[in-house]
Amino acid sequence: MVEISNTSMLFLLIFVLIPVSLSYLYSLQLGRSIIWSSFRGVIQLFLIGYVLTFLFDLPPLQGIPLMLGVMIMVATFHAGKKGQGLPYIRSVIFTIIVAVEAMVLTMWLSFEMISFTPEQVIPMSGMIIGNSMIAIGLALERMGHQFKESYDKIISALSLGAHPKQATQPIVQKVVKAAMIPNIDGLKTVGLVQLPGMMTGLILGGVPPLEAIRYQIVISLSIFVCVSVSAMLVSVIIYRFFFNKHMQLIRLGHEEG
């Protein structure tokens, strides 16, 4: 494999400057965010490389819970930003991600799809937790906008005697659909438009293609199920917080801004 030189890495800055320039050209005010995100991503990748090397040398019962705990806490904190102002939002997100991760990890280990080693559990769990975090964040952001745009419609439905669940059913459906569409589209085009990183990496690492395909199927379908479950759970739980105990609609989260 060709070693990437420091000069080549520095040359990559040109590609980062392209969206920065476009941001200034079109007054998008995203330049600082793009630079900070790129810098932060590079630092995080360097750090996690050393951390994974350390964790892979630990006994599984120490390294796996430690890294999964960090991943879940970070995912909870990041996704929770999309639902600022909503009560118990981080507790709900934490519970959903833990439940989803426990469900899929139990399935993997019970059917001997993977072994309980840091080398296998941590990378695959990272994909599950990361995609669940994105789905939850999309659902929360979309829900805030939907409640704001449909405020009058919900009030009208409640005035006519509808239960909050009935009044918000179209919103919940739209939110779940919006959160799942990126994953559905990705699953439709996997292998045709985008080559799965896990499968490609395993093949490049010397694993027989059929074995690599099996691993990719396991992770792709697991991600799809976990994203769907996460989006549905957070939607059907969080919509209740937009109503008080008298089933009256209240303004929360994004609507306060």
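These legends accompany close-up views of a predicted model.

**Figure 1. Overall fold of the predicted model.** The protein has ten helices and zero strands. Its pattern along the sequence is α-α-α-α-α-α-α-α-α-α. The C-alpha trace spans about 65 × 55 × 35 Å along its principal axes. Of the 257 residues in the protein, 34% are buried.

**Figure 2. The largest pocket, with a volume of about 730 Å³.** Its lining holds 23 residues. Nearest the centre of this pocket lie Arg40, Gln44, Ile48, Met71 and Val74. H3 supplies the largest share, with nine residues. By class, the lining of the largest pocket has 15 nonpolar, six polar and two charged residues.

**Figure 3. The second largest pocket, with a volume of about 420 Å³.** This pocket is lined by 14 residues. Met9, Leu12, Leu13, Ser38 and Val42 lie nearest its centre. The elements giving two or more residues to this lining are helix H1 (6–11), helix H2 (13–25) and H3. H3 gives the most here, with seven residues. H3 also gives the largest share to the lining of the largest pocket. The lining of the second largest pocket divides into twelve nonpolar and two polar residues, with no charged residues.

**Figure 4. A nonpolar surface patch of about 1200 Å².** The patch is made by Ile4, Met9, Phe11, Leu12, Ile14, Phe15, Ile18, Leu22, Leu25, Tyr26, Leu28 and Leu30. H1 and H2 are the elements that give two or more residues to the patch. H2 provides the largest share, five residues. Met9 and Leu12 belong to this patch, and both are also among the residues nearest the centre of the second largest pocket.

**Figure 5. Leu12, in the loop between H1 and H2.**

**Figure 6. Tyr26, in the loop between H2 and H3.** Tyr26 has a relative accessible area of 56%, so it is exposed; the cut-off is over 50%. Tyr26 and Ile250 are 224 residues apart in sequence. In space, Tyr26 and Ile250 are 37 Å apart, C-alpha to C-alpha.

**Figure 7. Glu112, in the loop between helix H5 (89–110) and H6.** Phi of Glu112 is near 55°. That is a positive value in a residue other than glycine. Glu112 counts as exposed because its relative accessibility is 68%, and the exposed class begins over 50%.

**Figure 8. Met247, in the segment after helix H10 (209–238).** Met247 is not a glycine, yet has a positive phi of about 60°.

Methods: Residues numbered from 1 in each chain as written. Predicted model: local features only at pLDDT ≥ 70, side-chain atom pairs only at ≥ 80, totals over all residues. Heavy atoms only, no water. 1 Å grid on protein atoms, 1.4 Å probe; cavity = no way out; pocket = protein on both sides within 12 Å on 5 of 7 lines; lining within 4 Å. Points joined across faces, edges and corners; volume = space filled by probe spheres on them. Helix = DSSP H or I, 4+ residues; strand = E, 2+ residues; numbered from the N terminus. Nonpolar A, V, L, I, M, F, W, Y, C, P; charged D, E, K, R; others polar. Patch = residues over 30% accessible without salt bridge, like charges linked within 9 Å, V, L, I, M, F, W, Y side chains within 5 Å. Areas by Shrake-Rupley, 256 points an atom, 1.4 Å probe, with all protein chains shown as cover. Salt bridge = Lys/Arg side-chain N within 4 Å of Asp/Glu carboxyl O. Buried < 20%, exposed > 50% of the residue type's maximum accessible area, 1.4 Å probe, protein only.
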